[in-house]
Amino acid sequence: MSRAITFSEYGAPEVLRLSDVTPPEPGPGQVRIRVRAASVNPFDMKFRSGLMAGSVPARFPAVLGLDAAGVVDAVGEGAEAAAGDEVLGVAVGGSYSEYALLDRPVAKPGALSWEAAASLVTVGQTAFRVLEELGVRAGQTLLVHGAAGSVGTVAAQLAGARGSTVVGTAAERDLDRVTALGATAVRYGDGWPERVRAAAPQGVDLVFDTSGAGVLAESVALTGDSARVVTIADMTAAQHGVRFSAGSTDRTGDSLPELVRLAAEGKLSVPVWRTYPLAEAARAHSDLEAHRNRGKAVLLP
C-alpha cells in the first residue's frame, strides 16, 4: 500500500483526506514514479470544489493533482524511460500521492530541483500555448495581466526571450518582481489602462490575461481588436469576443522539453512560494484560496 490525498465528495479543502491506496500499475508506454514533488494548481481547487463537475466529473474516490516529478520505479511496455530515471510530467490519475503514473515522462536535469521541476509543467505549458495562440514575436508589445503569478511570470520570460517588449500588471507589492523579469511593471486597479498607455507609448499589440480581474473590455480597447486578446481566467470572454484558452488533455507536448531546457539553463524560472508535507494538502489549498501565496505551492510526499 501507499499513501495519497483523496476526496469522496465535492467541497471545501477539508474534504481532502490522507488515505491508503494501492500503487497504480503502469500500462503500455507509461512509467510509475516515486513522487518527490507535486505542485498545486488552480485547476485542482476547482476540481475539488465541484466547479468543474459539468465538464470534468470526478470518479470518487479521486486523487488530485496534475504535475509530478520523481524517480521511475516501474516501467510499462514501450515506455521511454528506465527504472531509476529522474523525470517530470503530467500524472495520469493524480499526483498528490507517493506513487503516480506518467504517460510521456520528460527527463529532469540535475540542475533543476524537484520543486522547480514539478512547478514547471502546467504553468509552463499554459504560458507557451497562449503565446503561440497570440502569435507573439519579436518587435511586438505584449501586455500580461497578472504578471507576478505563476503563468504570468513564465509568459513574461518567454515573450521577452522572443524579443517582445513586455508590460505586466501586478499588485504594488509585486512590481519589483515583475521588473526583475525584464518587463515594465504597472500597478493594477483603477486607472490601469492610462498607466499602461504611459508605460507603452508605442501601443499594445497583444494581451494575455491570467488574472480574470474584469480587464477584457479595456484590453480590447487598448489593442483595437478582440482577436489580439486571450484569457485563461475570465469566463466572460465570449461577451467581449475574446478567446478563452483552455488546456488540452495533452500537457506534455513538444513544448515541455524546451521549457525544461530553458529552466535548467537558468533562462526560465517559476517562483516556488512554499512546500508542504503530503498530509497538509488541505492547508495548501486553504492558503492558495485565501491568496496568501506569492508563487507555487508544492507538496512533498
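Leaving aside neighbours within four places in sequence, Val71 touches Arg32, Ile33, Arg34, Gly84, Asp85, Glu86 and Trp114, where contact means heavy atoms within 4.5 Å. The model is a predicted one, so local features need pLDDT of at least 70 and side-chain atom pairs count only at pLDDT 80 or more, while totals for chains, interfaces and linings use all residues. Residues are numbered from 1 along each chain as its sequence is written, and side-chain values use heavy atoms, with hydrogens and water left out.

Val71 itself belongs to strand 5 (residues 67-75); helices (H or I, at least four residues) and strands (E, at least two) are DSSP runs, numbered from the N terminus. With a relative accessible area of 23%, Val71 is partly exposed, on a scale where buried means under 20%, exposed means over 50% and partly exposed is in between (1.4 Å probe, protein chains only). Val71 and Leu262 sit 191 residues apart in sequence, and their C-alpha atoms are 21 Å apart in space.

Next come the aromatic rings. Rings of Phe, Tyr and Trp (its six-membered ring) pair if their centres lie within 6.5 Å, with planes under 30 degrees apart called stacked, over 60 edge-to-face and the rest tilted. That rule gives five aromatic pairs. In one of them, Phe7 and Phe60 have ring centres 5.5 Å apart and planes at 80°, so the pair is edge-to-face. Phe7 is in strand 1 (residues 2-7) and Phe60 is in the loop between helix 1 (42-49) and strand 4 (62-63), so this pair ties together parts that are 53 residues apart in sequence. Phe7 is buried at 1% relative accessibility, whereas Phe60 is partly exposed at 36%. Phe60 also pairs edge-to-face with Tyr10, at 5.1 Å centre to centre and 70° between the planes. Here too distant parts of the chain are linked: Tyr10 is in the loop between strand 1 and strand 2 (17-21), 50 residues from Phe60. Tyr10 is partly exposed, at 28% relative accessible area. Put together, Phe7, Tyr10, Phe43, Phe47 and Phe60 make one aromatic cluster.

Rings also turn up beside charges. A charge sits over a ring if NZ of Lys or CZ of Arg is within 6 Å of the ring centre and within 35 degrees of the ring normal. Arg34 lies over the face of Tyr99, 5.4 Å from the ring centre, and the charged end of Arg274 sits over the ring of Trp273, 4.2 Å from its centre.

Gln30 falls in the loop between strand 2 and strand 3 (31-40) and is buried, with 11% relative accessible area. A polar atom of the Gln30 side chain lies 2.8 Å from the backbone nitrogen of Gly27. Beyond its neighbours within four places in sequence, Gln30 has contacts that include Glu25, Val75, Leu101 and Asp103.

Helix 2 (residues 114-134) has 21 residues and should span 30 Å at 1.5 Å a residue; its end C-alpha atoms are 31 Å apart, which agrees. The expected span is 1.5 Å times one less than the number of residues. Helix 2 bends by about 40° at Leu120, the bend being the angle between axes fitted to the seven residues ending there and the seven starting there. Just after helix 2, Gly135 adopts a positive phi of about 70°.

Conventions:
A polar contact is a pair of N or O atoms within 3.5 Å; within protein, one must be able to donate a hydrogen and the other to accept it, and residues adjacent in sequence count only if both atoms are side-chain atoms.
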